[in-house]
Amino acid sequence: MFETVTYFIAALCIIFIPYIYWKKHSGKEKKAVQLYSENLKTGYTEPVTLHPKIDPNQCIMTGACVKACPEGEILGIVKGKAQIIQPSRCIGHGACQSACPTDAISLVFGTKKRGIDIPMVKETFETNVPGIYIAGELGGMGLIRNAITQGKEAVEYIAKSLNGTRGNGTVDLAIIGAGPAGIAASLQAKKDGLSYITLEQEKDFGGTVAAFPRQKLVMTQPMDIPLYGKFKNREIQKEELIELWKQVTSQNDIQLTLQSKVESIKKEDELFSITSTSGVYKAKKVLLTIGRRGTPRKLGVQGEKTNKVTYNLLDPEQYKNKHLLVVGGGDSAVEAALRLGEQEGTTVTLSYRKDTFSRIKDKNREKIETAHQARWVNIIFNSQIESIHSDHIILNHDSKSEQIKNNYVFIFIGGELPNKFLSQIGIEMETKFGVR
Ligand SMILES: Cc1cc2nc3c(=O)[nH]c(=O)nc-3n(C[C@H](O)[C@H](O)[C@H](O)COP(=O)(O)OP(=O)(O)OC[C@H]3O[C@@H](n4cnc5c(N)ncnc54)[C@H](O)[C@@H]3O)c2cc1C
């Protein structure tokens, strides 16, 4: 009897353990295929920065790379091999590469289909334009730690190149952009006794990190922050990281000129003339730490510069019981309208200039149609915002002007990438097609 029961249990294990394993993996694969095809349909097929390239001949499907990715479902196992399923969400941590036991992963820029333009920079961070330097994600290396290290190192090289000829009524260095690279560069400039100005286009500093969702867990690696010292955490919340930068910059009296978008840089005699929305500045050297995400595209309408207008959505809960307008027809606009519509007491209008959404994910299309039918998001196609006022906006819809009650406006109409700005300055780029 005992023997029969033992055989029976063993037989069950032999059948069920592989079955459970297969079931679990086929479920994961199904989800991976679904996510990948959604990204294909919406055209989000290209990684924006450094990303993994997987050699299928070396991949033995351990799944270690999938688990190691700190950003979640970016890699998946499809047909027995690892594959990038959400390419545009990859930010180049490289954790997948270290986790792969068979060295099947290399980190590359661009893909065979679409090249990515990376500025050509020497080991001193100087570009082909003498006196103009690049650090941080703009140079191709994503991640906060890399940006901070490069911002610091670039200024060390710049300080050496100034060779004691500092001051003289103009700043030694103009730092453009106050993300992690620009903050580290400003701290290092202060440490090295340089006169400097840091110009940032946004109302707040922090760059891409400031635009992370509320309480996002930031993954990082130990790094050396100038005038602060070693930062050893591997994880920190976005708000804590920004607070740390606020403390270090204020304790060291670091001046950041906010709401100052740099529009052009020209060499005049021995100095650079930097034209920005807050004025013209003269500097001996320029360090570009402007990242790769560009500048949010503006509507150019009356009232757009007021504080009620924003170009990202960080904290939907703060907009409870408000009248809100979202402008745009892509996934970002639709997702923002949905998140705002979910908040208690909101009235959400989604205005789009075309007569239908074109390149949005199927899931978003379904959700926004349901929300529109349920009347918690009002979609107005063929409409354009005319002007923004303190308690209302004027919307032109089918050639008629309409006044709509409004407390906040969210604009999601894409952005201008920095490439044009760089080529106007004369910086040479190299197009990378899936190579390092
Ligand atoms: C969703 C997401 C999650 C991420 N998570 C992580 C993570 O967990 N860990 C990690 O290490 N990295 C993460 N990253 C990557 C990281 O945020 C970037 O690599 C890093 O912020 C790059 O720093 P940077 O200073 O080079 O550029 P940015 O942070 O992009 O800063 C550039 C700054 O320049 C300003 N600027 C641009 N143009 C101009 C102009 N013409 N004039 C004036 N100012 C200008 C911008 O407004 C911005 O403030 C993430 C990225 C994204 C998108």
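**Exercise 1. State how many helices and strands the protein chain has, and what share of its residues is buried.**

Step 1. The protein chain has nine helices and 27 strands; helices (H or I, at least four residues) and strands (E, at least two) are DSSP runs, numbered from the N terminus.

Step 2. The model is predicted: local features need pLDDT of at least 70, side-chain atom pairs count only at pLDDT 80 or more, and totals for chains, interfaces and linings use all residues. Residue numbers start from 1 along each chain as its sequence is written.

Step 3. Of the 436 residues, 35% count as buried. A residue is buried if 20 or more other C-beta atoms lie within 10 Å of its own, exposed if 12 or fewer, and partly exposed in between, with C-beta atoms placed from the backbone.

**Exercise 2. List the domains and describe the contact between domain 1 and domain 3.**

Step 1. The assignment gives domain 1 (2-108), domain 2 (117-294 + 418-432) and domain 3 (309-415); such bounds come from an automatic or database domain assignment.

Step 2. Between the C-alpha centres of domain 1 and domain 3 the distance is 36 Å.

Step 3. Four residues of domain 1 are in contact with six residues of domain 3, where contact means that the C-beta atoms of two residues, placed from the backbone, lie within 7 Å.

Step 4. On the domain 1 side of this contact there are no nonpolar, two polar and two charged residues. Ala, Val, Leu, Ile, Met, Phe, Trp, Tyr, Cys and Pro count as nonpolar, Asp, Glu, Lys and Arg as charged, and the others, Gly among them, as polar.

**Exercise 3. Work out the strand order of the five-stranded open sheet and find its edges.**

Step 1. The order is 18-25-19-20-21, with parallel pairing; two strands pair if DSSP finds at least two bridges between them.

Step 2. Strand 18 (309-310) and strand 21 each have a single partner strand, so one side of each is left without a neighbour in the sheet.

Step 3. Strand 20 and strand 21 are joined in the parallel sense over three bridges. Leucine 350 has isoleucine 379 in strand 21 as its bridge partner.

**Exercise 4. Explain why helix 7 is described as largely enclosed.**

Step 1. Helix 7 (residues 331-341) has 11 residues, and eight of them are buried, so the rest of the structure largely encloses this helix.

Step 2. Among the buried residues are Ser332, Val334, Leu338 and Leu340.

Step 3. The cover over them includes strand 19 (323-327), strand 20 (347-351), helix 8 (362-373) and strand 25 (408-411).

Step 4. Helix 7 lies across strand 19, strand 20 and strand 25, and runs at about 165° to strand 19. Axes are lines fitted to C-alpha atoms, for helices over the stretch in contact, and angles run from 0 to 180 degrees between N-to-C directions.

**Exercise 5. Locate valine 377 and decide whether it is buried or exposed.**

Step 1. Valine 377 sits in the loop between helix 8 and strand 21 (378-380).

Step 2. Valine 377 has 25 C-beta neighbours inside 10 Å and therefore counts as buried.

Step 3. Leaving out residues up to four places away in sequence, valine 377 touches Ala337, Leu338, Gly341, Val348, Leu350, Ile368, Ala371 and His372.

Step 4. Leucine 340 is 37 residues from valine 377 in sequence and 8.7 Å from valine 377 in space, C-alpha to C-alpha.
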